[in-house]
Structures are given as structure tokens and as C-alpha cells.
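Let's take a walk through a two-chain model, one piece at a time. Have the sequence and the 3D view open as you read.

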Amino acid sequence: MIAERLSPPTGAAPDGGLRFALGLRLMPGVLALFVMLAISVAALLALALRSNAGVSLTLLQERWFWHVLRFSLWQALLSAVLSLLIALPLARTLALDRHLPGRTWFQRLCLLCFVMPSLVLITGLVTLFGRSGWITPLLGGGWQLYGLPGILIAHVYLNAPFAIRVLSQRWQSIPVDAWKISAQLGLNGWQRFRLVEWPMLRTALPGVFGFVFLLCFNSFAVVLALGGGPRATTLEVAIFQALKFDFNPPEALFLACMQLVVAGSLFVLFSRWGGLQWLVAARAGDAWRPQVGMAVKWGGRALYAAVVAFLSLPIVSLVPAAAAAGRALPWPEIARATVFSVGFALAAALLAVALALAALSLWRHFDDAPRRRLVEAAAVHHLVIPGMVLSVGVYVLLMARVNWLEWGWVAIVLLNALMALPFVFVQLRPSMFEYDAQYRPLLADLGLQGWHHWRRVLGPFLAPALRRVAAIAFVLALGDFAVFGIYGNPSWHTLPWMIHALAGSYRLDEAAAAALLLLAVALAALCLLERARA
Amino acid sequence: MNIRSSLAFAALALAAGNAPAASADLTVYTYESFISSWGPGPALKARFEAQCDCTIAFVGAEDGVALLNRVRLEGANTRADVILGLDDSLIAEARAHALVRPHSIDFASVPMVAALAWADDSFVPFDFGYFAFIYDDRKVSAPPASLAELVAGPARVIYQDPRTSTPGLGLLHWMRAVYGDAAPAAWARLAQHTVTVTSGWSEAYNMFLRGEADYVLSYTTSPAYHAIADGNAHYRAVRFAEGHVAQVEVAALSAHTDDAVLANRFLAFLLSREAQEIIPVTNWMLPVRSDVALPEAFEQLIRPDRIGFVADEIGARRAAWVREWRDAVSR
């Protein structure tokens, strides 16, 4: 149904010149598609052919393996459910309560979780919920952080903010007319929810759930540290072990493929469940929102306050240590690292956005579901390939031809862009869809094409969404550790790397200070990005 | 946006232009914290460059294991002349994959620490440390006298995962050296009062400093850091009657170096008194020479007996040990 509506306006077979022009227009998309797929395939192949250690399929017979798989799925499922349970009411509050104090800052805070080094998060959560934690006395005598509670708290910390951001944007995309009509019809709260809000949620929820699920499925350091021991091990730990400690690339590859298949098919299932049928653009200036009941309003505000505290306290808990260490910081090194971090992250964010736009141009052009799904898979599959597997694969692939000590920065930018791509693509797609649904017939009449089209119509339309996704890509790349770990070089140290090095040589207070700086840089960048005029 | 992005790329291109290793005479692959400004790297580089009339470039991997993987991956393409920072548990693998070549150092001419009993023809030790459990004497008044006592409980313990961290692997080795085939039962006992097992040293140590546990697995030298850098003498290592397992950090010539003479000079320099005085107070490990003058805090450290297996045996049995540990503690 959608496909029919979106088929290109050219009904008749295009003549040669037009076909050529069309082909030219698709070039960036085809190129992007090629880059996305070729890099993964080549990296995985390079790893597969690299060593003759062989894949040990005995792994499949070990009870341990199935235990790990089951645990990975179970904790990811619980974490995703819990994250959404918190995100849903809060996203609604953010969208409907126009007088909520500090909304803009809260939305930025929501992105900071992406740069939080795992060591810092672990320390922060231990300071709050650990044995002598600030919050522990409130939790009763039987409280024990280590185990499933620790894992769930950390995963909610890492993922609920993302879900909150995405869902509140979806909520805001409900057209004002729908709200107004529901008010005129005198619908009560429940009816309004069912008729106005639920259709939007139904399409958005499965995708968000799938995304959070995957993020938790791939989690590793946090699961180990707060899980209380190897009972709490995810598949990602096994991949890390295979690739790093046992140095058995085929086994790592096998595990990565298992992860790709299991997590990937679940993700497909979730996203198929949702859809794009009911999406209309949010228009600026439309501020009218229905009144909600007092109980709902103040309940939402209480939750908001609790989540603000939950998200900011681990950061606040860094302050005493950081203040103690401020003077001892190796400032010249830190300053350099900051410059490089920002440079890499900015370049990676721009590249990710460019790749996503190119892929979307192809996605829009295709009018059949299978080809569209190919584009989607190409853009999103990086979410399930561990960054370390991709990085090592590319490293091995080109190492005979490329001096990585000189050119590693290219790989850092490119691979970080690819890692951020799923976030960018998935969030940009609805905007693109809305655009097509609203303007495509009109544009076909106007005959506006190419640069002018971009400059005058598409660019301005997409600008808010572009800034939003660029911000996410930026913070993701800013927090990168895995890719830099392979291609890094002392001449281009980044902040996360400095934090790791500081913490690894007893300088935990200095590491806390550097982490605060990293968060501050991310926050400053977010403010700038959101203020920038495209 | 456009201007900003091109600026970023220009900055990156500039950075790439002054990448090291392209022009240096000697490229040393090592781990990250060795070459940080507070690590031994910068001081060693300055001293060695002053005597060799050459330039050194360091390349840092995340840690010793990542370092080994890197040279393994690169094979003949490696740019390393010297590989610095593997430990004794990784020696067997480095040798098996022909990543190193014999050095020309005569250990008999250096007053080496006797406990090391070092005579390897390819690997040169540059520092070492004994694994130990650290406690805060303001919180713990009667530390255990033996590993058996610690394992019996009930003190709260944090250690590192042997699948992802070298101290964790050290504990695996230690438990095996003390308990032999009875290790699984001891692991199960220890698991009952283990707070958590972290992927890296820094998470574990940080949790300990925040009061999450009575003991954390680290090195006998940890108290020296706190005494010297923080002026805090309350952190102490427990001395176990059974003896302690050591971690010996080594350097070697890369099998693919094109300047073995200079690389050998660097290895010899690492054993010099000058270098051996720098390393302990920057890398927080013990010197391998017995004639090095160290700060007072080092004199206070416990001096355990060394036990454990030889490097080749650790390499050969590691996988089985990890499986044994994993099954014992996750029941």
C-alpha cells in the first residue's frame, strides 16, 4: 500500500537521458550502500581467512555456551522492558507538559549517556547503589547491587534516555489537529490515548524496543563488573575473549555471526511489528497540547525529577574526586586529546549523516519492500557487529597495503561513522517518509530537482532532524574506545583513551576529572549543534 | 557546517602528517600506560635518545595482550623493532608464533634479582611484581596469613576476570599453584564471598577504593603508589604463607626488525641502573636489578616467596584453567 503510493512519479519508461540523470542521482546512494556492505563483508572475510585455528563447533555442545546465550537474551529483554517502562510515561510528560522546567537540558543529558565511559558509569553507580552508596540506605537491608539488579540499573541508565528522546519526539509528532479534534470531541484521557496516541506508539515502540534490546545484548564491561561474576556473561564477552585473549579470529567470527543471526533476527522481528503507516511531520510553532489531569501531570513531574536525579547523580558523584585531581591533570596532553576527540567525532558524525542521507535517497527510490529492506539492513547491521570485530577485520584486510600508523585516523573516522549509522538512519527515516508523504506529489508538479530541491525544500525540512541525528552520532563517536583501541596512535590520543590510561595507572581521580571534561565537551557540542543554523 | 568539517579534516590531516614511526630510527610497540606522560616512556625515551643519537617512536596498544595480538596480526608487516610489555604468561605464545628473535644480552653481567632466575635467550625482563590482595588497615585489622584463610572467608573480595585481564589470569595461576587439582573447590568457596569480578584492573581497584570490598587483587607495589603519590600509608598488601605468583614484564627484539643492533642497545638500556630507577616509580612495579636505589616506600613493601609455574606451562594450561574457574564459580 505504501509502496504504491511512493512509487516514483515517472509512470512511463524513462527515455535514455532521463534514465542517465536518474542513475546519476542514485550514485551517492549506490556508493554508500557499497561502502556499508563491502566493509563488513570484507572485514569478516579477512578475519575468516586470517588464521588456520579453525572454528571449534564443540562450542555449540557446551552447556556454557547456551547458558551465555540464554543469559544475554534474558538480561537484554528485561533491560529493554524496564527501560521502556520508564521511558514511556516520561516521554509523554516531556511531550505534553509544556511548562516542564529544564526540558532542553534534560534532552541533552539524555545523550550524555552515550559518551559515558563504562568505568565511569560503573564507579558512579557503585557510589550511589554500592555497599556504602548514597542511595543504599533507602533500599532496605536486603539490597545487593551485584547481580541482575546492577545490570538492569546500568542498562536502564544507558538506554532509557535514548528511548525517552526518541519516544518524546514521536509524541511531539502527533499533529496538533489530532489533539484539537480529540478535545472538541470531548474524548476522555483513555479514549484519547487509544485513538490518538496509541496508533503513533504502536508504530514506534517495537523499533525502539528492538534497538534498546540490541544495545543491551551487546553490553559487556558493565555486565561483568556489576553482574557479580561469570554467571553474568554475555555473548559479547565470549567474542572479546575469543578475539583478544585466545586470539582465535575464526571462533570470534563464529560467535559474532551467531550474535548477528540471533540478535539480528529478533531486531527484524521487532521492527516488522512496527511500521511507518501513521506518521505526519511535527510542525514548528504548534504548541497547543491537551490538558492532562492533575494526577497525571504531577505524577509525570515526579518521575521526571526522579529520572533527572538518577541520570545526573553518577555524574555529580565524580565531582569530589575530580576536584581533588584538577591540578594534577596533565593539561597539555588533555587539551590535545580534547581537540582530537572533537575532530574525530565531528568528522565521523558528518560522514554518518552523509552516508545515511545517501542510503535514504536509494531507499526512497526503491518501491519494493525487499530492496528497501536491503538498504535498511546495510545501514543498521553495524549495530550487531561488535566494533572490535569490524575494526580488527579492516585492519587485517588492508595492513599489507596501508601503514595504519599514518592512516589509522581514516579508519577511526570511517568506522565510527559506520557504528553511528544505525542510529542516524533509523531516526532520519521517519522524517524522510513524512517528507515524501506530504510533498512528493507537489514536487513532482513543480519539477524541482537536484541542488535547488535540497537547498530550498528538502534541506530546510530535514534540518531539525539532521541536527538531532548529527548530535547522536557525535556523542557516540566522542565516546569511542573500541575502534581507537585498534587504530589509535600516541600522536592522536582521544579523551576516552586518556581516561583509560589514567585509570589504568592508579590515577582514578584524574580519570574522573578527565571524564567530567569529556562530558562537558559533549554537552557543549550538543548545545552548539542544536543552536547551529543549517 | 561545511567550513567546520573541512577544518576538522585539515586538523586530522595535519595530525597524520606528524605521525611517528614513519621517520623514527627505532619503533617500540608497547602498552598505553607505559608511554603516557606519567608513565616511564617519556623519561626513558629522553635518556636513550641522548646516548644513542637516534630517535624512538612508541606505539601503544591497550594492554599487554592487545600488544601481542597486534604483532601477531601484523606478522611480517609489523613496523616494530622492539616489543615491550608482554608478560611471562604471554611468552610462550609470542615464541610459538616466531614474533621475536634472540637478543645479545648477557644476564650474567647484570646483578639481576635472584628470585627471577632469568635466563631466556629472547625475552629481557624490565620489571616485575607479585600479585597480592590489598586492604585498607583502617578497615581491616587482622588480615589473613594465607591464601587458604582468605578463600575460607568471609571477607569481601573483588578480583578481575581471567578472560579479560592479566591480574585475573595471575590469580588463576596462583590458585592452581597453591591448590593444584583442588582448585575448583577453592574457587567455589571464594565465589561465596566475592563481591564481583570485573573485566579490568581499574574497575576492580576503583570499586575497592570506594569501599565495596575488603580486599582487591592487585600487586605488592600498590601500597608504594599510595604512599608516594597520595601520602597515604594505610593501603597494604597481605603476605600469604603459601607464597605469591609473580608477573614478569618483558621486552624483546621483533623478529622483523631491520636494526637489530640499535634494538639490542635499547634492551640493554632497559636493564641499566638509570632505566631501572625510572621504571619502579613510574610503572609501579619492582626493578629487575638488585642494586637500584628506591624511595623509602618500596622498602616497606612485603617481600613474598615466589611460587608458580614456568611460562610455557602457563601458556599451555591457561585455557583449561579458565574453563575450570568458569565452571566452578558460576554454579
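Which domains does the domain assignment give for chain A? There are two of them: domain 1 (26-51 + 319-534) and domain 2 (56-317). Bounds like these come from an automatic or database domain assignment.

## Before you start

This is a predicted model, where local features need pLDDT of at least 70 and side-chain atom pairs count only at pLDDT 80 or more, while totals for chains, interfaces and linings use all residues. Residues are numbered from 1 along each chain as its sequence is written, and chains are lettered from A and ligands numbered from 1 in the order in which they are written.

For chain B, the mean pLDDT (the predictor's confidence in each residue, from 0 to 100) is 88, with 93% of the residues at 70 or more. Take care with residues 1-21 of chain B, where pLDDT stays under 50. For that stretch the model has 34 contacts beyond four places in sequence; two residues are in contact if their C-beta atoms, placed from the backbone, lie within 7 Å.

## Chain A as a whole

Chain A is built with 21 helices and 0 strands. Both kinds of element are DSSP runs numbered from the N terminus: helices are H or I with at least four residues, strands are E with at least two. The radius of gyration of chain A is 24 Å, close to the 24 Å from the globule rule for 534 residues, so chain A is as compact as a globular protein of that length. (The radius is taken over C-alpha atoms, and the rule is 2.2 Å times the number of residues to the power 0.38.) Along the principal axes, the C-alpha atoms of chain A fill a box of roughly 65 × 65 × 50 Å.

Of the 534 residues in chain A, 50% count as buried. A residue is buried if 20 or more other C-beta atoms lie within 10 Å of its own, exposed if 12 or fewer, and partly exposed in between, with C-beta atoms placed from the backbone. Now take the contacts in chain A between residues at least 6 apart in sequence: 85% of these join residues at least 24 apart.

## Where the domains of chain A meet

The C-alpha centres of domain 1 and domain 2 of chain A are 21 Å apart. Their contact takes 36 residues from domain 1 of chain A and 34 residues from domain 2 of chain A. On the domain 1 side, the elements giving two or more residues are α2 (16-50), α16, α17, α18 (450-478), α20 and α21 (508-531) of chain A.

That domain 1 side divides into 29 nonpolar, 5 polar and 2 charged residues. Here Ala, Val, Leu, Ile, Met, Phe, Trp, Tyr, Cys and Pro count as nonpolar, Asp, Glu, Lys and Arg as charged, and the others, Gly among them, as polar.

## The nonpolar core

A nonpolar core is a set of buried Ala, Val, Leu, Ile, Met, Phe, Trp, Tyr and Cys residues joined through C-beta atoms within 7 Å. Which residues touch the most other members of the largest one? Of its 286 residues, A:Ala359, A:Ala420 and A:Ala473 do. The helix that gives the most to this core is α14(A), with 22 residues.

Zoom in on A:Ala473. Beyond its neighbours within four places in sequence, A:Ala473 is in contact with A:Ala348, A:Ala349, A:Ala352, A:Val353, A:Ala420, A:Phe423 and A:Val424.

## Where the chains meet

The contact between the chains takes 52 residues from chain A and 58 residues from chain B. On the chain A side, α14(A) gives the most, with 6 residues. By class, this side of chain A has 33 nonpolar, 13 polar and 6 charged residues.

## A look inside chain B

Chain B is assigned domain 1 (2-128 + 248-297) and domain 2 (129-246 + 302-329), with C-alpha centres 27 Å apart. Their contact takes 17 residues from domain 1 of chain B and 15 residues from domain 2 of chain B.

Two residues of chain B have a positive phi without being glycine: B:Ala117, at about 45 degrees, and B:Trp284, at about 55 degrees. B:Ala117 is in the loop between β4 (100-101) and β5 (123-136) of chain B, while B:Trp284 is in the loop between α12 (273-283) and α13 (296-299) of chain B. Are they buried or exposed? B:Ala117 counts as exposed because it has 9 C-beta neighbours inside 10 Å, whereas B:Trp284 has 23 and so counts as buried.
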